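Colleague: Could you walk me through how to read the features of this model? I would like the general idea before each case.

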Amino acid sequence: MINAVGRDIPEKVLKDLNMKPFAGTYARNGEEYKKAAPTVRCWMDPKESKMVDSIHDVLVKCGLRDGMTLSFHHHFREGDYIVNMVMEEVHKMGVKDITICASSLGKAHDPIVPMIEDGTITNIQSSGVRGKIGEAISTGKLKGYAIMRSHGGRVRAIESGDVHIDIAFIGAPTADEYGNLRAVGGKSDCGVLSYAYVDAQYADKVVAITDTLVPYPNIPASISQVNVDYVIVVDEIGNPAKIATGAAKPTTDVRKLMMAEYCTKFVINTPYFKDGFSYQTGVGGASIASTISLGKIMKERGIKMGLGLGGIAGPMCELLEQGLIEKLVDTQDFDLKAIQSITNNPNHIEITGSEYANPMNKGAYVNKLDFVILASLEVDTHFNCNVVVDSNGMVTGAQGGHPDTAAGAKCTIVIAPLLQGRTPAICTDVTTVTTPGETVDVVITDYGVAVNPARPDLLECAKAAKLPVKTIEELRDMAYAITGEPEPIKFGDRVVGVIEARDGTIIDVVRQIKDYEWD
Amino acid sequence: MEVLRTAMAGTLESSDAQVTVEPGEGKVELDIESSVINQFGRKIKATVEETLERLGVDNVKVKVVDKGALDCTLKARVEGAVFRASGYSEDEICEGKKLPWGGAIR
Amino acid sequence: MTNPNLTRLRRSMMFLNAQKPGLIKDPYIYKPDSIMLDLEDAVAENQKDAARYSLYHALKEIDYRGVERVVRINGLETAHWKEDVRVCVAGRCDSIRISKCESAKDVHVVEEEMRKAEEEFGVEHGSILIMAALESTKGVLNALEICEASPLLFGIALSGGDYTKDLQTVISGTGVEFAWARGQMINAARCAGKQCFDTVFTNLDDMEGFRRETEMIKAMGFDGKSIVNPRQISVCHEVFTPTEKQIIQAEKIVKEVDEKKAQGIGVFTVDGKMIDIAFYPGAKRTIELAKAAGVYEGDL
């Protein structure tokens, strides 16, 4: 069945997963539904302890069995030890057919690939995957479907009961013996536990794993004792150097600086750039450079940001410190500066993944965004973006909050260099649609700036900013003139994954890759 | 031209290609690896074959390890390897052997 | 017809290793006035041949979008340079930069080799220009004869690294070691009606130092500067961008002179003051610089 972004979703996939094809970004607006609920084992007797000696013991206590769904968060990013630690024990116990429901998975989790191959893990649900897990999925080693969900879409799926978590494992930088969890004050601080909050609320069993047990009560807690069944102390929950990096040197890459300059010029020439505006940006070189140059102009003009949202890195914290941001509202921390800031600055506030981006609660923060600055592997002539599958067809990235913020923001800006080596970033059709073009307003490249024809108002802004305005087709043509027109990738028939739109419909599928055929 | 010995040109840096040629066994044998094989495999193969044809090379084993090189770079690397392998080393050029710019090199 | 490139704007001339595909594929993005595709120092001795194939196809197949394509050939003391000239001509670059030029004779030798190649490849003589890099005390002393050596030579450039070695000193950062060479070269160039370009500034992290040096050479009269990294281009162009006041003044001069000349009048006045015809070329250049910087909105 052809969906609203023109992708053919096989009937078999729709039937297997009991899902509908994507019908438009806001198609489900106003729907009513009943939320799911976990099965709770209550803790009435104050003499009972939540402390458990080992992962093995906790798995036994939780009644681990074949076919269960285990959940994890990705606040430790590439420094995470929790997923491997738990899965190793699951594997030793000989349990099969596990579904991993993670907020994201990365290269740090390469060691679970053999468990995909031997049937320990048969389903993966994640924002995305990188490294060897991506290869395993793309080459058809995962028995079931990989389901890629945005951060908001994951919360929606859990709250609406599309996925039910049997056991949630929550790595916590600090915990007390009764399960109050915080993301600061430990050895492996990650700043916030935003994406784990929904797991704690909706999983039947919630297991906290920490390397820093602190005296009771560990408050204010990101995750409260009322939702936690067990607490385990291990030597290390992660590698601090990979959880939060040091301050990144601002980029000196002139291409990125040029795109950053285009972005800033555009932003300040829109009517949304006024006192109290709201803004989210990524951590790429161009995004950071743009934030820094925007800060200078805000200072000059006496314009303050009312709300800074999303994953946070140092430069946004510096704007907060300079009094240029009223509230910094945080769902993930990328560097030490951000962790320091959320620890010390009362205007830097942790929110949950649902508050951030869930499309089916009563209104998420993303809906209040004026600007979001995003990156993309590919953007096509319909402004569709692809942030999950590379141009060779391999799963290699994550949706993150890309589709959520694009759907919410009044002005969605995507920055992408025209060429990545020989691969054109601006193309006729993206390999896989992850963010629908109807939510993408402006594309900034090193060769020029294109505005979605649906936004003639923003086109005027781009012209007023004296940017090198091109149509998206012109950008594509420039790219193809340099690289040659790429051949469409030939996939195998088997669907190995689905890209779930934030509302729970299927926006695209990912097919198994096959060896290149010369003829 | 006749490939007399093994020679290589190019690097494994991004946007480059490393091309190795060695005397063939009566025909052209290609072995192509590329970081963009799915998108440009046919184009890369065609460019390498056309370049060899222009150079009049029909007895060679060619290995290409491509890192996203544009056509102009692929041609340059094939020519670099072939000329080095067939009596046009830089020393020989400096001694007065002239390269066929605009002819076999196009 | 005279080659219009003789007098084109050359504020920034960026060196690029002709052998590096990643560098030469789209440097026009950074909007330098000229790129200098290097066959000389940047290319390792065992890659001289490979660089030529790479250069040839880049010249033939990459659309540099109006950026001037200068090729720096190997020194005349080497065995490489004659084939370098052949590939430049066959590939129809815009200009050839002679390394370590020391005399008018050096220019003549290259021009002669160009003539041969032009005949061989059917290229019109005069379509490819020459510039000379002065890298030695002798070269700098002979600046005027070099400037006057050929009508195809559009300018001379100081190459500071080798020059300071020849002087038996080092680059100090103060500019004192270049004071005489710069003065001598700009004087010679202007005397011969040619352009003059300053040496590179290699400390990429010292953008303030780069700006100061560029401001100084601009004040001395130089047309532009050799650039080693795209980071330096915007600062260089900024320095060479005239102020609004300068643009208005230049516009008045150009308009007044054009108008009066058309009417056959030889007396020019701007804002009630008599002006000298000698201001005209400078005023024209100010307008060109303003246009290149995108700050000119008049009708000239």
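Modeller: Gladly, starting with pairing: two strands pair if DSSP finds at least two bridges between them. Helices (H or I, at least four residues) and strands (E, at least two) are DSSP runs, numbered from the N terminus. This is a predicted model, in which local features need pLDDT of at least 70 and side-chain atom pairs count only at pLDDT 80 or more, while totals for chains, interfaces and linings use all residues. Residues are numbered from 1 along each chain as its sequence is written, and chains are lettered from A and ligands numbered from 1 in the order in which they are written.

Colleague: How many bridges join β3(A) to β4(A)?

Modeller: Strand β3 (residues 98-102) of chain A and strand β4 (residues 121-126) of chain A run parallel, joined by 4 bridges. Thr99(A), for instance, has Asn123(A) in β4(A) as its bridge partner.

Colleague: What does β4(A) do with β5(A)?

Modeller: Strand β5 (residues 146-148) of chain A pairs with β4(A) in the parallel sense over 3 bridges, and Gln125(A) is partnered there by Ile147(A). Between β4(A) and β5(A) the chain passes through helix α5 (residues 131-138) of chain A, a right-handed β-α-β crossover. Right-handed means that, with the strands pointing away from the viewer, the path from the first strand over the helix to the second runs clockwise.

Colleague: And where do chains A and C touch?

Modeller: Residues are in contact if their C-beta atoms, placed from the backbone, lie within 7 Å. Here 4 residues of chain A contact 4 residues of chain C.

Colleague: What is the secondary structure of chain C?

Modeller: Chain C has 12 helices and 10 strands, and its C-alpha atoms fill a box of roughly 65 × 45 × 35 Å along the principal axes.

Note on methods. Contact = placed C-beta atoms within 7 Å.
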